[in-house]
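Subject: Structure handover

Hello,

I am passing on the structure we spoke about. Please open it before reading my notes, which follow it.

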Amino acid sequence: MDITLRPAGDADLPLLIRVYGGTREAELAVLDWTRAQKDAFIRMQFEAQRRHYVEHYPRARFDIVERDGAAIGRLYVDRTPTDIHIIDIALLPEHCGKGIGSHLLGELIDEAAHVDG
């Protein structure tokens with residue numbers, strides 16, 4: 001399993017919206033909304049979250065998680081000389097439960113062991 005990160009760009013917005021939507025599936029499943037209503041809600045909430053992250057974490061890295069070259073999620077991390085702050089980590093639902101998140105967190109833990117703090 002080859003897990004890599006790359007900076008997120010505007011071309012990744014459709015993927016990022018899908019990833020965000022995947023994190024909201026369970027709560028939206030119980031609502032009596034049409035697919036169009038759910039999609040509009042997801043887009044609106046994604047944009048609000050994105051604006052918040054950019055405003056409150058201007059130095060953060062906003063990365064796309066790739067597995068074997070395919071984009072499957074996001075990892076947002078704010079680093080300072082003394083801290084590593086995980087802002088958000090999310091994968092498309094079909095990639096959850098496969099050790100990918102654990103792998104990413106393990107790498108951040110290893111990195112944190114070398115941070116002066």
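In these notes, contact means heavy atoms within 4.5 Å. The model is a predicted one.

By that cut-off, and leaving out residues up to four places away in sequence, I87 touches Y53, Y57, A60, Y76, V77 and D78. I87 is also among the residues with the most contacts inside the largest nonpolar core, along with L15, L16, V19 and Y76. That core has 15 residues. Helix 1 (13-23), helix 3 and strand 4 (84-91) each give two or more residues to it. There is also a second, separate core of nine residues, including V65, L91, L104 and L108.

Next, helix 3. Its 22 residues should span 32 Å at 1.5 Å a residue, and the end C-alpha atoms are 31 Å apart, which agrees. The buried residues in helix 3 are K38, F41, I42, F46, Q49 and Y53. Viewed down the helix axis, the buried residues fall within an arc of 130°, so they line one face of helix 3. On the other side, A36, R51 and E55 are exposed. The partners of the buried residues are helix 1, helix 2 (25-29), strand 2 (61-67), strand 3 (70-79) and strand 4.

Apart from neighbours within four places in sequence, F41 is in contact with R24, L28 and W33. F41 and L28 are 13 residues apart along the chain, and their C-alpha atoms are separated by 9.5 Å.

Regards

Terms used:
Residues are numbered from 1 along each chain as its sequence is written. This is a predicted model: local features need pLDDT of at least 70, side-chain atom pairs count only at pLDDT 80 or more; totals for chains, interfaces and linings use all residues. Side-chain values use heavy atoms; hydrogens and water are left out. A nonpolar core is a set of buried Ala, Val, Leu, Ile, Met, Phe, Trp, Tyr and Cys residues joined through side-chain atoms within 4.5 Å. Buried means under 20% relative accessible area, exposed over 50%, partly exposed in between (1.4 Å probe, protein chains only). Helices (H or I, at least four residues) and strands (E, at least two) are DSSP runs, numbered from the N terminus. The expected span of a helix is 1.5 Å times one less than its number of residues. The arc is that of the directions from the helix axis to the C-beta atoms.
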